[in-house]
Structure formats: structure tokens, C-alpha cells
Amino acid sequence: MYLDDKRVRIISGHYGSGKTEFAVNYVTNLKKLSKNKVAISDMDIVNVYFRSREKKDELIKQGIEVFDSSIGSSADLPAIPKEMLVPFVDKEYDYVVDLGGNEVGTIVLRRFREHIDISEVDFFMVVNVFRPDTQTVDAIIEQKERLETTSGFKITGFINNTNLVRETSAEDLLYGDKLLKEASEKTGVPIKYTSYVKEVVKDMTPEIISKLSGDVIPLKYYMREVWM
Amino acid sequence: MAKVLMKGNEATGKAAILAGCKFFAGYPITPQNEVPEYLSRELPLAGGTFVQAESEVAAINMLYGAGSAGARCMTSSSSPGIALKQEGIGYCVFGEVPCVINSVSRGGPALGTIQPSQQDYNQATRGGANGDYHIPVLAPASIQEAVDAIKEAFEIADFYRTPVMVLQDGLIGQMMEPVDFDKPVKKREIPPKSEWALGYGKGNPHIIEGIVIDAPACEQKNLRFFKEKYEVMEANEVRYEEYMMDDAEYAFVAYGSSSRICKTAIKTLRDKGIKIGLIRPKTLWPFPQVPFQNKNIKLFIDVEMNMGQMVPDVALACNDKNKVKFFGRCGGMIPSPEEVVAAAEKIIGGAE
């Protein structure tokens with residue numbers, strides 16, 4: 001699964017869909033399997049808290065290169081460093097790019113567009129159908145089109161990350177799957193992954209997993225503290 | 001309605017619309033920017049008016065105008081922005097203008113940091129405007145509570161004709177949680193706006209003013225506020241939660257995010273055999289008194305993301321300052337449950 005994806009994996013999606021939690025889990029799992037250098041870029045210049053750069057030390061310890069997009073800890077000025085370009089062009093890298101939310105979050109990619117070989121890119125859209133703006137099939141498709149228009153990339157896979165944080169049930173994931181399947185049929189975009197937090201979704205069974213689309217991957221909370 | 005997953009700031013904006021807010025004025029500041037962002041998009045669709053003011057000072061004074069005309073109105077800001085609004089809050093108090101002030105705290109003083117804090121406890125409960133006054137301060141600890149607090153704040157504001165503050169720390173503003181917007185809040189019998197608001201006077205003009213030149217009259221107005229507003233609020237508007245207090249010998253005292261950290265710490269401490277619970281004020285003014293009369297409590301351990309601003313209120317409530325201890329982090333730092341456990345063990349160990 002992780003190794004079957006294209007060398008450059010860009011994680012986009014609606015604001016609050018769970019991109020960062022997915023991206024951080026993804027890159028740590030990828031690192032365990034990949035023989036290449038593995039890097040993650042936090043290109044979120046929208047959000048102020050819960051950014052993957054907060055886990056920089058933890059990721060570096062695991063041998064992952066981390067690029068973040070702020071200058072200095074005191075000013076917290078959003079900035080895209082030139083180093084983020086390297087893994088786009090250096091084929092020695094497996095690269096995960098964690099974007100900011102919504103179509104505005106994709107704008108920063110434009111700066112690298114001329115250096116990116118599109119045949120090397122998977123552009124994923126993370127979806128949580130309990131977020132207010134992606135609650136229906138039409139809304140999901142609208143969001144997909146907005147992301148594509150602004151970024152200049154085509155979405156190559158949906159990720160069903162449907163959740164109500166600690167109140168998530170297996171049923172919720174099946175409901176997300178149902179909506180995404182319909183969106184998938186209408187758009188031709190496959191569901192690549194279904195992700196859920198193992199410690200939270202206690203009623204998950206092998207039978208339900210077999211019903212969910214794509215590779216079903218358990219996540220652990222990196223960004224959310226135990227008391228949240 | 002089914003639950004949706006929302007960020008605290010977005011949920012705050014939506015709750016304001018559901019509560020009938022018709023006017024919002026604000027100036028951008030992290031970590032509350034999603035409030036005006038959401039309302040700039042959604043409030044006009046709900047028949048309301050959104051204004052990005054030229055400053056925080058302008059925004060609070062726009063509320064003075066909108067509230068005087070009888071509109072449900074709100075502003076939102078963060079620490080240094082709330083500091084700027086203080087004079088206007090005082091005018092809304094003395095002019096008896098109902099309005100809601102959403103305050104999402106970050107580390108200070110001054111511009112400080114954009115990371116979350118509770119360093120604005122004194123700013124909220126003591127205020128920075130001049131004169132004798134109080135405003136109700138609600139302190140939610142979850143997104144659901146933030147939604148309920150915003151809705152209730154509008155009711156309280158109209159009922160007493162007063163500004164009401166909802167004090168959230170940056171974490172509550174930025175965190176995502178499931179929320180049910182249909183959860184009802186207590187409705188009140190609100191005096192008709194036609195009795196006092198501008199534009200309803202019909203030849204006998206209503207006047208909203210922050211000035212009473214004649215000293216005896218000014219004193220009378222102050223005294224009326226204390227009798228008719230503050231004493232009634234102290235009797236009727238106090239809210240708190242008691243968590244694992246039935247057999248408790250020690251009590252954390254915390255609100256907002258730090259109360260959630262304490263709840264996690266309580267599990268660990270109880271596993272170690274320490275009988276500890278939590279008193280969580282949900283209103284910071286009026287401050288709860290009753291739970292502090294519990295004579296079984298040997299020590300009250302105040303835990304805040306500041307340097308102990310609530311300590312005097314706890315000491316006054318339990319009437320024994322020797323029983324009040326403190327642990328906290330400040331300047332945008334969030335204590336971990338492990339740190340709170342260690343601090344509590346040290347404090348309790350020292351007591352026995």
C-alpha cells in the first residue's frame with residue numbers, strides 16, 4: 001500500500017478533515033517500509049495550532065526529514081523554505097506533503113509547480129463527512145473540484161477519515177464509505193485508504209474492515225493529547 | 001440533529017447566529033480568527049451584518065451602538081485585543097447595553113505569543129475599565145460548552161442588560177470536537193427592547209449614556225447595579241462542576257483546558273490511592289462559593305495556565321488561604337497531565 005503510491009504524496013482536503021494526523025501517521029509507516037530517504041513538509045501556513053511541525057523532534061528521531069513553514073518560534077511568520085523543493089526533484093526521496101486546509105491551503109504548491117513531474121505525484125483528498133462542508137456527495141465533489149482548480153493537480157485518491165474524534169464508531173466509517181463510494185462513482189476517483197484511530201473505534205471488526213474501501217489503516221493520535 | 005465535527009472558533013460563530021446575533025464587529029487576531037472568518041461568510045446569509053472594524057476599539061464601540069438599538073451583537077478578540085476594548089466595555093456596562101464579548105486567550109503580556117493561555121483571568125473577572133462594575137464571565141471547557149455558553153451569554157446579556165464575556169483559551173478555540181447545536185439552553189423572560197432601546201421612545205426619547213454628572217445620582221446608579229444586577233447574578237448565575245468530589249480529600253480547582261488536564265491527572269492520582277477530585281468553575285464571575293465550603297478538603301490545588309490569578313478567589317471562597325496551593329505554566333505553555341500529577345504529589349506529600 002504505502003510503497004505502491006507515487007513517490008510524491010500530497011495530502012490535501014477540507015479544513016479539519018484530519019490531513020495532518022493522517023500525514024504524520026502515513027510518513028512514519030512509510031519510513032518503516034521505504035528504502036529511500038523519507039521527508040515530510042508541513043506547508044500549512046493557515047493553521048496556528050496542531051501543525052505537523054510540532055512533532056518535528058519525534059519525526060526526526062525516527063529518521064524522517066522534516067521541513068516546516070515558519071521563521072523563528074517567536075514571530076511565527078509563515079514562509080516556505082527553499083529546502084522543500086529538494087524532495088520534489090531528488091528521486092532518492094519518498095516525499096509526503098502536508099498542505100493547509102481547503103483550496104487556499106494548496107496555493108503554496110504553485111511555487112513548486114514547474115519543478116514537479118506530475119507522473120510522480122499522488123494527490124490525496126482526506127474526507128471526514130462529519131465536517132459541515134463535506135456532509136453530502138455533492139459537497140464532497142464540489143470540494144474536490146475547488147482543490148483541483150486552485151492547485152492545478154487532479155485528485156488521485158480519496159481518503160475516508162470520517163470521525164467524531166473520541167466518539168467515532170465503526171458505523172460512522174461505514175457511513176463515510178457509503179458517501180465516498182458514491183462520490184467515487186461519479187468522479188472516477190478511487191478511495192485509496194480508510195483510516196481510523198484504533199484506540200477510539202472499539203467496535204471495529206475484521207468483517208467491517210472487509211466492507212470498507214481501499215487499504216484500511218489504523219492510526220494513532222500524534223497531534224491530539226490524551227486529555228483532548 | 002446529528003453531531004458535526006467543528007473547530008471551537010467556527011462553532012462559536014455558528015452558535016452566535018443560532019442565538020440570534022444580528023451584528024458582529026471585530027478585528028483579526030490569532031487564535032480567534034476563524035470566528036470573524038466564519039461570521040463574515042455566514043452572518044450575512046442569516047440576515048445579519050458583519051463589520052471588519054478598523055480596530056478593536058472601534059469594534060466594541062460599534063457594539064455600543066448596535067446594542068443600544070436593540071440588536072443582539074457580539075465582538076471577538078484575543079488577549080491584547082481584549083485589553084484595547086476595556087474602555088468600551090465600561091461604557092456598555094454603565095449604558096446598560098447588552099452585548100457578548102468572546103475572548104480567546106493567548107500568552108501575554110503584550111503581543112506575547114499566539115499559543116494558548118489563561119493569563120487573562122484577571123482581565124476578564126476584574127476588568128480594565130474604570131469604576132465599580134462586574135460582568136458575567138463564562139468559561140467553557142469543551143466545544144459543546146462553548147456553543148452553549150455563547151447561546152446563554154446572549155440570554156444573560158439581554159436579561160440583565162449587561163456585557164457578558166465568554167472566556168475561552170486558545171486551545172478551546174482551535175480544537176476540533178463533535179458538537180450538537182440543538183442542545184437547548186435556558187431561555188429567560190427578557191424585558192422588551194421597546195422599553196429602553198434607542199428608536200422606540202416615541203417622543204419621549206430613550207437615552208443610553210455613560211455619564212451621570214450629578215454625584216448623588218451617579219452613586220444611586222452604582223448602587224442600583226449592585227442590588228439589581230450583581231447581587232442577583234451572584235444568587236442565580238453561578239455555575240460549576242464537581243468531578244469525583246464525593247469522597248475527595250483534595251481538590252484541584254481549574255477551568256477551561258486546564259480542567260481537562262486535571263481530569264486526566266485525577267485518574268492517575270486515584271490509581272495511586274490519592275482521593276482527589278476537581279472543582280471546575282464554569283462561571284469565573286460570579287465565582288462559585290458553595291463547593292469550597294466542603295470541610296473534607298485538606299488542600300485546594302489551583303491549576304491554571306497562568307501564574308495563579310484565581311488563587312485569591314479560591315482563598316476567599318474557602319476562607320483559609322493556607323489551604324490553597326498552586327501549580328501552573330504560563331506564556332503559552334500547556335502543562336502535561338504528568339506534570340500536574342507530579343506537582344500534586346509534591347504538594348500533598350508536603351502536607352502530610
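Colleague: What radius of gyration would a compact globule with 352 residues have, and what does chain B have?

Modeller: The radius of gyration is taken over C-alpha atoms, and the globule rule is 2.2 Å times the number of residues to the power 0.38. For 352 residues the expectation is near 20 Å; chain B has 20 Å, so the two agree. Along the principal axes, the C-alpha atoms of chain B fill a box of roughly 70 × 50 × 40 Å. This is a predicted model: local features need pLDDT of at least 70 and side-chain atom pairs pLDDT 80 or more, whereas totals for chains, interfaces and linings use all residues. Residues are numbered from 1 along each chain as its sequence is written, chains are lettered from A in the order in which they are written, and side-chain values use heavy atoms, without hydrogens and water.

Colleague: How many of the residues in chain B are buried?

Modeller: Buried means under 20% relative accessible area (1.4 Å probe, protein chains only). In chain B, 59% of the 352 residues are buried.

Colleague: How many residues of chain A and of chain B are in contact?

Modeller: Contact means heavy atoms within 4.5 Å. Here 21 residues of chain A meet 26 residues of chain B.

Colleague: How many salt bridges are counted between chain A and chain B?

Modeller: A salt bridge is a side-chain nitrogen of Lys or Arg within 4 Å of a carboxyl oxygen of Asp or Glu. The count is two; one of them joins E10(B) to R131(A), with the closest N and O atoms 2.9 Å apart.

Notes. Buried means under 20% relative accessible area, exposed over 50%, partly exposed in between (1.4 Å probe, protein chains only).
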